[in-house]
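Hi everyone, thanks for making the time. I'd like to walk you through a model, starting with a pocket and ending with a cavity.

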Amino acid sequence: MGEIDDAIERADREAFTRQPPKTLKAQIGYLIRQLGSAKAVARELGVTADSVNRYRRGARKHPRADVAAKIDDAVRTRWQPQVRKRRQKQAAASGGITVETRARFGYTAPVGTTDDGRFRRLTVHLPPAYAQRLFDARNAGAGDQQMRGIIAEGFKEIYFQDGGGRAMGLSDVEINDIDYLDLDY
């Protein structure tokens, strides 16, 4: 997962109306209901089906740290899919998406202006069209670079060009060296 994918995942998790299962037994039970069998859960986690059944029964209470992280991640990615879809649909239809980041922005500008990339801390609300493009790209399996391009294009239009009011000679904006990136919708 890339930085933008992680940011979308964090934003989705903030929308949960109920907390996901916390105990190992409850997490494994949830995954078995979602995936259909202990064997499918074992494939997902990279352990044996016997291990999954021991976790479910409570015979093994403390998985290795890497397995525990995989279990938690698998539960959280499947938790409340309708809540996720509803929030993403609302952002893409009317709400838009707010991007907060600290990154190095570089751009191509006309001769005589400074186009040196520099770190900026920006919080920009992008219109619903950019949210829709970002979610569509993510659902189609786009890489982090492609999703960065969508956000950079939104920053160019909304922040740098102020919706068509300035910097019209600006052609390309790039986001590099991301310190952090957070999304809200």
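Let's begin with what lines the largest pocket: six charged residues, three polar and three nonpolar. Here Ala, Val, Leu, Ile, Met, Phe, Trp, Tyr, Cys and Pro count as nonpolar, Asp, Glu, Lys and Arg as charged, and the others, Gly among them, as polar. Before I go on, this is a predicted model, where local features need pLDDT of at least 70 and side-chain atom pairs count only at pLDDT 80 or more, while totals for chains, interfaces and linings use all residues. Residues are numbered from 1 along each chain as its sequence is written, and side-chain values use heavy atoms, with hydrogens and water left out.

Back to the pocket, which holds about 240 Å³ of space. On a 1 Å grid over the protein atoms alone, a pocket is an open set of points with protein on both sides within 12 Å along at least five of seven lines; a cavity is a set where a 1.4 Å probe fits but cannot get out; and lining residues have an atom within 4 Å of a point. Points are joined across faces, edges and corners, and the volume is the space filled by probe spheres set on them. Two or more lining residues come from each of α1 (3–14), α5, α6 and α7 (128–139). Helices here are DSSP runs of H or I with at least four residues, strands are E runs of at least two, and both are numbered from the N terminus.

Which helix gives the most to this lining? That is α6, with four residues. So let's turn to α6. Its buried residues are Val83, Arg84, Arg87, Gln88, Ala91 and Ala92; buried means under 20% relative accessible area, exposed over 50%, and partly exposed in between, with a 1.4 Å probe and protein chains only. Why do they sit on the same side of α6? Because they cover an arc of only 160° around the axis, taken from the directions from the helix axis to the C-beta atoms. They pack against α1, α5, α7 and β3 (172–184), with contact meaning heavy atoms within 4.5 Å. On the other side of α6, the exposed residues include Lys85, Arg86 and Lys89. After α6 comes Gly96, with a positive phi near 80°.

Next, the aromatics: there are three aromatic pairs. Tyr30 and Trp79 form an edge-to-face pair, because their ring centres are 5.1 Å apart and their planes lie at 65°. Rings of Phe, Tyr and Trp (its six-membered ring) pair if their centres lie within 6.5 Å, with planes under 30 degrees apart called stacked, over 60 edge-to-face and the rest tilted. Tyr30 belongs to α2 (residues 24–35) and Trp79 to the loop between α5 (65–78) and α6 (81–95), so this pair links parts of the chain 49 residues apart. Both Tyr30 and Trp79 are buried.

Finally, the largest cavity has a volume of about 30 Å³. Its lining has eight nonpolar residues, with no polar and no charged ones. Among them are Ile97, Leu126, Tyr130 and Ile151. The most comes from α7, with three residues.
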